[in-house]
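Reader: Could you take me through how confidence, helices and aromatic contacts are read in a model of this kind?

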Amino acid sequence: WLKFNWFEPKWFVEVVEFWQKRGVPIIAIQWWSHGTIILTPLDYFAEEPALLRKYCMPFSHLVLFVWIFSIYYIIQTDILFTINGGFWPYPFLATFATPLKQVMLVSGI
């Protein structure tokens, strides 16, 4: 998330400025909903191949974890959508109208 969003200037224009103009506290929503504080240290470990090989779970467990996390993430996103008055954290999510489509999208990412 940090690599592809936070340090990407275009993201600030298309997402942050877009939602801030509408009164949505998008930075707080993004940090909370992405679990960035927890996941950032994991990015470091993923960059170290020896650590990755030593601690990586079997592929079937990894797939299950991705599905569980995807469902968790979509539940969070849908709750935030309801709480903040119908604003998606990413404008393109409006095209994925059902939770199943959203889970498929997040799992694919």
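Author: In general, an α-helix has 3.6 residues a turn, so residues three or four places apart point the same way. Helices here are DSSP runs of H or I with at least four residues, numbered from the N terminus. The model is predicted, so that local features need pLDDT of at least 70 and side-chain atom pairs count only at pLDDT 80 or more, while totals for chains, interfaces and linings use all residues. Residues are numbered from 1 along each chain as its sequence is written, and side-chain values use heavy atoms, with hydrogens and water left out.

Reader: What is the mean pLDDT of the protein chain, and which element has the lowest mean?

Author: Where pLDDT is low, the predicted coordinates should not be read in detail. With pLDDT as the predictor's confidence in each residue, from 0 to 100, the protein chain has a mean of 76, and 74% of its residues reach 70 or more.

Reader: How many aromatic pairs does the structure hold?

Author: A pair of aromatic rings is described by the distance of the centres and the angle of the planes. Rings of Phe, Tyr and Trp (its six-membered ring) pair if their centres lie within 6.5 Å, planes under 30 degrees apart counting as stacked, over 60 as edge-to-face and the rest as tilted. The structure holds three such pairs. The ring centres of Phe18 and Trp19 are 4.6 Å apart and their planes at 90°, so this pair is edge-to-face. For Phe69 and Tyr72 the centres are 5.9 Å apart and the planes at 50°, so that pair is tilted. Ring pairs also link Phe69, Tyr72 and Tyr73 into a cluster.

Reader: Is Trp19 buried or exposed?

Author: Buried means under 20% relative accessible area, exposed over 50%, and partly exposed in between (1.4 Å probe, protein chains only). Trp19, at 6%, counts as buried, whereas Phe18 is partly exposed at 30%.

Reader: Which residues of α2 are buried?

Author: In α2, Trp11, Val15, Val16 and Trp19 are buried. These four cover an arc of only 85° around the axis (taken from the directions from the helix axis to the C-beta atoms), which puts them on the same side of α2. The face turned away from that buried side carries the exposed residues Pro9 and Lys10.

Methods
Helix = DSSP H or I, 4+ residues; strand = E, 2+ residues; numbered from the N terminus.
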